Amino acid sequence: LYSFIIHNKDTFFNNATRSRIVHHILQRVKYEEGKNKIGLNRLLSNGSYEAAFPLHEGSYRSKNSIKTHGAENHRHLLYECWASWGVWYKYQPLDLVRRYFGEKIGLYFAWLGWYTGMLFPAAFIGLFVFLYGVTTLNHCQVSKEVCQATDIIMCPICDKYCPFMRLSDSCVYAKVTHLFDNGATVFFAVFMAVWATVFLEFWKRRRAVIAYDWDLIDWEEEEEEIRPQFEAKYSKKERMNPISGKPEPYQAFADKCSRLIVSASGIFFMICVVIAAVFGIVIYRVVTVSTFAAFKWALIRNNSQVATTGTAVCINFCIIMLLNVLYEKVALFLTNLEQPRTESEWENSFTLKMFLFQFVNLNSSTFYIAFFLGRFTGHPGAYLRLINRWRLEECHPSGCLIDLCMQMGIIMVLKQTWNNFMELGYPLIQNWWTRRKLRQEYGTQRKTSFPQWEKDYNLQPMNAYGLFDEYLEMILQFGFTTIFVAAFPLAPLLALLNNIIEIRLDAYKFVTQWRRPLASRAKDIGIWYGILEGIGILSVITNAFVIAVTSDFIPRLVYAYKYGPCAGQGEAGQKCMVGYVNASLSVFLVSDFENRSEPTSNGSEFSGSPLKYCRYRDYRDPPHSPVPYGYTLQFWHVLAARLAFIIVFEHLVFCIKHLISYLIPDLPKDLRDRMRREKYLIQEMMYEAELERLQKERKERKKNGKSYHNEWP
């Protein structure tokens, strides 16, 4: 006690710290004679108690205005200044959140607020790229050529029922593609890769300031207790703990390895389940594109590919949500199978599995559309087929980027809407139902006189995995915002709008709908930071491939510098793109169609006589050349340029990322000076206190007439 300046023992600890101290004691108190009859958790697990939770500090509502009468308690203050929808534009009162809920939850909201704030420049630049596409739409030579190509007849995109179509019919899709795939896209991809690094580096600095202000710099987690499940499983084998010197249960290396191998096999199997689900979606797309092409409604028949993509995305979303439920159970089973030694090891293992499962589940279809759709279809007359039956799906004549945009837009909006409903709507409905039952059982007057513990008991408990669901939702959103941002520049804007709502939703949920969670301390966001860094690295690679492979940026560049009107002049403006559409299409002899691919119509509706030739997207020789349908020289030039762009883009961006990471120190200069100043003052105070004590002792000895040799001066 003498190490602290305590004016009032009753107010020295805040309520969150008091709750943590009480819980610490209850976890270690012995409730019955016996070796393992210790702790509140065992009483909860064997059903002696139904629940254990800290109490909220009264009601979050008041009859009086907070402006005239002040806050009645911290919960009321948090509701008015943080959880109310009217304060969505204000900074979060992080110190008050930390005082009420503890450092761990305070750090989550600090990170969420920082992430949301950093999304502002990304959303602004993304919106600028989109608006740049809007303003340059009328000047885009490629879109003009597509819209004016009434004489170019495209080959059918599916077997039998898909008709021949004019290239000009895809005019709208060409214009929409330009909104996302324009000259500013490459700049935005580089910007977002750098943004991810800057976000993480500046978060480290922000975390350091928060850790210093909240006195977490020198805090180290206690030696964690062994999990009861681990203790029960390995209680027969013991070895000495090198730190405490006491015997503890021990897991043999061979046993640990075998369990990890089984767990890894389970993870691999579940990833294969995801791939199988994606394969099912691929078959659905292949089958239904022909079905929609033969549909009786003209609207669907004329837009069969868009209808196929839209319905496939919605079905994919339903599969994602169903598999998420399965993954949680599998991840829980595999983590328990591994028998982690401590709670933090269990939490890290479970977090990694759940993130891996959900990330693969959410993004596998997007990866398929971005990098595989339309890449391995063959060409008319020699299509590649699944199980020698279904012809693989082709891209729209305007490219595959529109499919990728639809996939990302629909999944992102549906996922965020569903998450927000489950976070707030579900607890609201449950609490409303509980209040309704209480009113029927006790009446309105009796219900208002319930003690605080009973009111809190009727609220929803915080989920079993703590902040896991909150972090996972935001980390997956961060992945969506960065990994395919080159194909969907509006992703940061959607994320920003969602997060402004998300902060207040989470605040409202914590203050009004959930029981008060147990306060706990933490220095940082844990394993999630490493996951964020991994996503940042992956985003550089995927955006390089999206620009090089999915978009038409590289083929246009090659045409402008090598084959267009400006070839050899070092220019690449819109005037250099004249003739690009015609150069990017190959010619096919209609009589070379396979029997099962031959369309039901002969194309006579276009010119009054059966079509002899149709066009398709590829760089191949004409049918009457020495090598019919062989790759042209332009194909190899485009392929080489794509590979070169990927290598140059990745190396350039990684160099910029590492340079920024090196140049930005983890600690701000003023914080470093404050820490040094504090250390200096502590040393001075200790020296002065020691000197004062020695001088006082010396005076007392002189006063008593005692003196010693070799005294300090």
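## Ile-38, between two helices

At 35% relative accessibility, Ile-38 counts as partly exposed, a label for residues between the buried class (under 20% relative accessible area) and the exposed class (over 50%), worked out with a 1.4 Å probe and protein chains only. Ile-38 sits in the loop between helix 2 (15-28) and helix 3 (40-45); helices here are DSSP runs of H or I with at least four residues, strands are E runs of at least two, and both are numbered from the N terminus.

Leaving aside residues up to four places away in sequence, Ile-38 touches Gln-27, Arg-28, Val-29, Lys-30 and Tyr-31, where a contact means heavy atoms within 4.5 Å. Its C-alpha atom is separated by 8.8 Å from that of Leu-26, twelve residues apart along the chain.

## What you're looking at

This is a predicted model, with local features needing pLDDT of at least 70, side-chain atom pairs counting only at pLDDT 80 or more, and totals for chains, interfaces and linings using all residues. Residues are numbered from 1 along each chain as its sequence is written, and side-chain values use heavy atoms, with hydrogens and water left out.

Helix 5 (residues 74-83) packs against helix 6 (residues 94-101) at an angle of about 145°, with the axes 11 Å apart. Those axes are lines fitted to C-alpha atoms over the stretch in contact, and angles run from 0 to 180 degrees between N-to-C directions. On the helix 5 side, the contact residues are His-74, Arg-75, Leu-77, Leu-78 and Trp-82, and helix 6 brings Leu-96, Val-97, Arg-99, Tyr-100 and Phe-101.

Trp-85 lies in the loop between these two helices and is partly exposed, at 41% relative accessible area. Not counting residues up to four places away in sequence, Trp-85 touches Leu-424, Ile-501, Arg-504 and Leu-505.

## Two annotated spans

An unreviewed UniProt entry carries the annotation "transmembrane region" for several stretches, including 184-203 and 525-549; such annotations may be inferred rather than shown by experiment. In the model, residues 184-203 are 95% helix and 0% strand, with end C-alpha atoms 28 Å apart. For residues 525-549, the span is 92% helix and 0% strand, and the end C-alpha atoms lie 36 Å apart.

## A strand pair

Four of the five residues in strand 9 (residues 585-589) are buried. Strand 9 pairs with strand 10 (residues 613-617) in the antiparallel sense over five bridges; pairing takes at least two DSSP bridges. Leu-589 stands opposite Tyr-613 in strand 10.
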